[in-house]
Structures are given as structure tokens and as C-alpha cells.
Amino acid sequence: MNNLPETRQGEFISNYQGLYKLAQTFSASNLVPSQYHGKPEDCMIALNMAQRSGMEPIFVMQNMYVVKGHPSWSGQACIAMLRNCGLFRDVRPVYNAEKTACHFEAVDVKSGENVSGTTITLEMAAKEGWGPKWKSM
């Protein structure tokens with residue numbers, strides 16, 4: 001059985017036309033991050049992502065960035081989403097002694113199990129070309 005909502009072509013186009021009008025308004029605002037100023041197309045994609053994920057548009061615009069044409073999330077946004085999704089509690093970063101590596105740990109709400117994410121190191125970040133900002137954050 002297909003659980004996807006049924007969408008008619010006319011409805012789809014109408015929704016996107018309305019979204020584009022809203023995107024034009026956002027792109028003219030000084031309250032959105034500068035990378036969205038005068039770019040209603042980028043605002044539209046951010047608004048669409050906000051709509052599909054149930055997030056506030058400004059949160060998406062302030063925390064999404066593009067890497068090689070792919071939208072990505074800031075680390076701060078990921079932490080906020082993990083802490084507020086209801087699936088985990090006690091979400092926290094764990095650093096090595098030199099603060100050159102970090103992973104996240106949390107408790108799975110349903111099972112009570114401790115879970116941990118992948119350890120990321122400064123060396124990995126440099127090899128991946130993440131730039132100097134990662135080290136300062």
C-alpha cells in the first residue's frame with residue numbers, strides 16, 4: 001500500500017507559485033541571512049525544506065548552507081534537532097583530551113540504551129576540506 005499523499009499537477013504548481021511569492025518577500029528582507037538577499041530561488045528552496053520538515057523558515061535559513069550544490073546543516077542545528085526530536089535525552093558532545101576529536105552521546109528514550117555517533121577528528125575535517133571554521137567551532 002502506498003502511504004504517500006496524492007498530489008494533482010495543478011495543485012502542485014499552485015502551491016509552488018504561492019511559495020515563490022513568499023520567497024520573493026523573504027529575499028527582500030534584511031532579517032534573513034545575507035546569502036538569501038535578492039535570491040528568491042534560494043529562499044524558495046529553503047522555504048520548501050522548512051515546509052517539508054515542519055521547521056520554521058528562519059531556522060532553516062539561519063542553519064542551512066550549501067556544499068557543492070547540496071544543502072547541509074550546521075552543527076548547531078543538528079544538535080538542536082537531536083535535542084528536540086523526542087527520541088533522545090542527555091545529548092552531549094564528548095571530546096578527547098586534546099580537543100582534536102569529538103563524537104556525540106545520548107540516551108535512546110525508548111530503550112534506555114546509551115548511543116554514540118561517529119568520532120570526527122580535525123585531521124578528518126582537514127582531509128575533507130571542511131576549512132578552518134570547524135576547528136574554531
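Modeller: Asp-90 is partly exposed, with a relative accessible area of 48%; here buried means under 20% relative accessible area, exposed over 50%, and partly exposed in between, with a 1.4 Å probe and protein chains only. The model is a predicted one, in which local features need pLDDT of at least 70 and side-chain atom pairs count only at pLDDT 80 or more, while totals for chains, interfaces and linings use all residues. Residues are numbered from 1 along each chain as its sequence is written, and side-chain values use heavy atoms, with hydrogens and water left out.

Asp-90 forms a salt bridge with Arg-89, and their closest N and O atoms are 3.1 Å apart. The term denotes a side-chain nitrogen of Lys or Arg within 4 Å of a carboxyl oxygen of Asp or Glu, and by this rule there are three salt bridges. Arg-89 is also partly exposed, at 44% relative accessibility.

Another salt bridge joins the side chains of Arg-92 and Glu-105, at 3.2 Å from N to O. Because Arg-92 lies in strand β3 (residues 88-95) and Glu-105 in strand β4 (residues 101-108), this pair ties together parts that are 13 residues apart in sequence. Helices (H or I, at least four residues) and strands (E, at least two) are DSSP runs, numbered from the N terminus. Arg-92 is partly exposed at 33% relative accessibility, and Glu-105 is partly exposed with a relative accessible area of 26%.

Glu-123 and Lys-127 form a further salt bridge, with 3.2 Å between the closest N and O atoms. Both residues belong to helix α5 (residues 122-128) and are four residues apart, about one turn of the helix. Glu-123 and Lys-127 are both exposed.

The buried residues of α2 include Cys-43, Ala-46 and Leu-47. Not counting residues up to four places away in sequence, Met-61 touches several residues, among them Phe-26, Tyr-36, Cys-43, Ala-46 and Leu-47, where contact means heavy atoms within 4.5 Å.
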